[in-house]
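This report describes how the parts of one protein chain are arranged. Please keep the sequence and the structure in view while reading.

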Amino acid sequence: MFSRIARPAAHGLIRGLSTTAQANARVTVLGASGGIGQPLSLLLKNSPLISNLALYDIAHTPGVAADLSHIETRAKVTGYLGAEQLPESLKSADVVVIPAGVPRKPGMTRDDLFNTNASIVATLTDACAKHCPEAMICIISNPVNSTIPITSEVFKKHGVYNPNRIFGVTTLDIVRANTFVAELKGLDPARVNVPVIGGHAGKTIIPLISQSTPKVEFPQDQLEVLIGRIQEAGTEVVKAKAGAGSATLSMAYAGARFVFSLLDAMNGKEGVIECSFVRSEETESPYFSTPLLLGKNGIEKNLGLGKLTAYEEKLVSEAMAELKGSIKKGEEFIKSRK
Ligand SMILES: NC(=O)c1ccc[n+]([C@@H]2O[C@H](COP(=O)([O-])OP(=O)(O)OC[C@H]3O[C@@H](n4cnc5c(N)ncnc54)[C@H](O)[C@@H]3O)[C@@H](O)[C@H]2O)c1
């Protein structure tokens, strides 16, 4: 029996290169030259689980690939530049990670990115559906609450949809929740695990502090401040960067953690659990993030919401309208697209 909130061992992050695990995954990063793409590619290059790392962007990939290729780890790095090289970058990909698109500036919501990022994600996932329909697709590009429905609709159009292989990367919300809880309770953050469910924007981000391991408790007023900080942590970074973008380094860490968990599970490791925004039947929202047991073929089992407190139930019900609206917006974007 596995715990639904077991903390994954992040190969290449916590253990560096000391792990003996070997694998031969080909991972493609779309948007590899960006603020997230570059440090994410660096972390992926450091992993013994990856034999081929393909870096695609519309700018600067030859330089990023040349630079990373000198690192003394086994992953062979190749760079691909511009739309005509996109199909080649996806050939034989086992996992595709997508951090392509524009980030927020102060005053913007994630939904304000929709107009630009919806087309970028649709174009890139269209190529995935054509050239690597079996790959695990991990979407970082915001608004995740809409870009996952977009990806699903694109795959459906091509007749290759498998909901167990399409993931909205919400890991940064979990990483932040772990860090903030550890700070408040004087714990080692590497040993804290807080499941975060719902979606990836404002009040749709629902940390389940009641299910934290180790168990922690806060008075209601402190709990509300903590949850508010987790929900607005992205905005905290956007404000601090003052126009120079949103979270990139912590997002790269979180993205790498998610990919390593996926690769571990694909390699047959048992009990690997991550939260992710996916197609779901756990609530009335057609997409929803909950802890997922990962396996060789992606999602093996949705572990559901677990037992919620009355306050957490209220947060879930208050998130529904926004979640459903963002999902519909993504689905309609693809329906109206030629
Ligand atoms: N899921 C999360 O938790 C989370 C956290 C932070 C940021 N994000 C999102 O990640 C995305 C990227 O953020 P960033 O800070 O790296 O932005 P950035 O502007 O630094 O980098 C984006 C990269 O995407 C590339 N790009 C643009 N259009 C492309 C296309 N059609 N094909 C391939 N590449 C393309 C750009 O050339 C650039 O290199 C944003 O949408 C941001 O909102 C998500």
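Domain bounds come from an automatic or database domain assignment. The model discussed here is predicted. For this protein chain, the assignment gives domain 1 (18–169) and domain 2 (171–326). The C-alpha centres of domain 1 and domain 2 lie 21 Å apart. Across the boundary, 38 residues of domain 1 are in contact with 43 residues of domain 2.

In soluble globular proteins, nonpolar side chains tend to be buried together.

| Core | Number of residues | Members, among them |
|---|---|---|
| Largest nonpolar core | 63 residues | Leu30, Val96, Ile98 |
| Second, separate core | 42 residues | Ala25, Leu68, Val95 |

In the largest core, the residues that touch the most other members are Leu30, Val96, Ile98, Cys128, Ile137, Ile150 and Ile209. Helix 10 (residues 310–335) gives the most to this core, namely nine residues. Beyond its neighbours within four places in sequence, Leu30 is in contact with several residues, including Tyr56, Leu86, Val96, Ile98 and Cys128.

Two packed helices are described by the angle between their axes and the distance between the axes. Helix 4 (residues 114–131) packs against helix 5 (residues 144–157) at an angle of about 35°, and their axes are 9 Å apart. The crossing of these two helices is right-handed. Among the residues making the contact are Phe114, Ala118 and Cys128 of helix 4, together with Ile150 and Val154 of helix 5. The contact residues comprise nine nonpolar, four polar and one charged.

Technical notes: Residues numbered from 1 in each chain as written. Predicted model: local features only at pLDDT ≥ 70, side-chain atom pairs only at ≥ 80, totals over all residues. Heavy atoms only, no water. Axes fitted to C-alpha atoms, helices over the stretch in contact; angles between N-to-C directions. Helix = DSSP H or I, 4+ residues; strand = E, 2+ residues; numbered from the N terminus. Left-handed = near helix turned anticlockwise from the far one by under 90°. Contact = heavy atoms within 4.5 Å. Nonpolar A, V, L, I, M, F, W, Y, C, P; charged D, E, K, R; others polar. Core = buried A, V, L, I, M, F, W, Y, C linked by side-chain atoms within 4.5 Å. Buried < 20%, exposed > 50% of the residue type's maximum accessible area, 1.4 Å probe, protein only.
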